[in-house]
Amino acid sequence: QLQASGGGSVQAGGSLRLSCAASGRTFSSYAMGWFRQAPGKDREFVAAESWSGGITSYADSVKGRFAVFRDNAKNTIYLQMNSLKPEDTAVYYCAADLGVSRNPEGWSYWGQGTQVTVSS
């Protein structure tokens, strides 16, 4: 019900925009967020936004480089990633739930993930 897309391979310093489209139900009243998981590492919080957009949260590692925003009319959330670094390489997942949480266990709905690879 959550379909992530937009991943790819870029060089360090480049940009990518990820999209996560919801289908089957309306997520306009849900918080939506992004997590990532690198090989051999736990899934970590990246960014999230409340349903109204009034609360936005970012991991320190991406603050100032990434921006999360949503279009409720399109039932879609985006993650604009600028100034990408090799350490941003991971599978990126979108998620939805009633509230914003930095803990993956706080999210009920998950997309399938999209690979982002940043080369130096």
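The chain contains zero helices and eleven strands. Both element types are DSSP runs, numbered from the N terminus (helices are H or I, at least four residues; strands are E, at least two). Along the sequence, the pattern reads β-β-β-β-β-β-β-β-β-β-β. The model is predicted: local features need pLDDT of at least 70, side-chain atom pairs count only at pLDDT 80 or more, and totals for chains, interfaces and linings use all residues. Residues are numbered from 1 along each chain as its sequence is written, and side-chain values use heavy atoms, with hydrogens and water left out.

Four strands form an open sheet in the order β1-β3-β8-β7, with antiparallel pairing. Pairing requires at least two bridges between two strands by DSSP. Strands β1 (2–5) and β7 (66–71) lie at the edges, and each pairs on one side only. Neighbouring strands of this sheet are turned by 15° against each other on average, direction ignored. Axes are lines fitted to C-alpha atoms, for helices over the stretch in contact, and angles run from 0 to 180 degrees between N-to-C directions. β1 pairs with β3 (residues 16–22) over four bridges, in the antiparallel sense. S5 has S19 of β3 as its bridge partner.

The C-alpha trace spans about 40 × 25 × 25 Å along its principal axes. Of the contacts with a separation of 6 or more, 58% join residues 24 or more positions apart; contact means heavy atoms within 4.5 Å.
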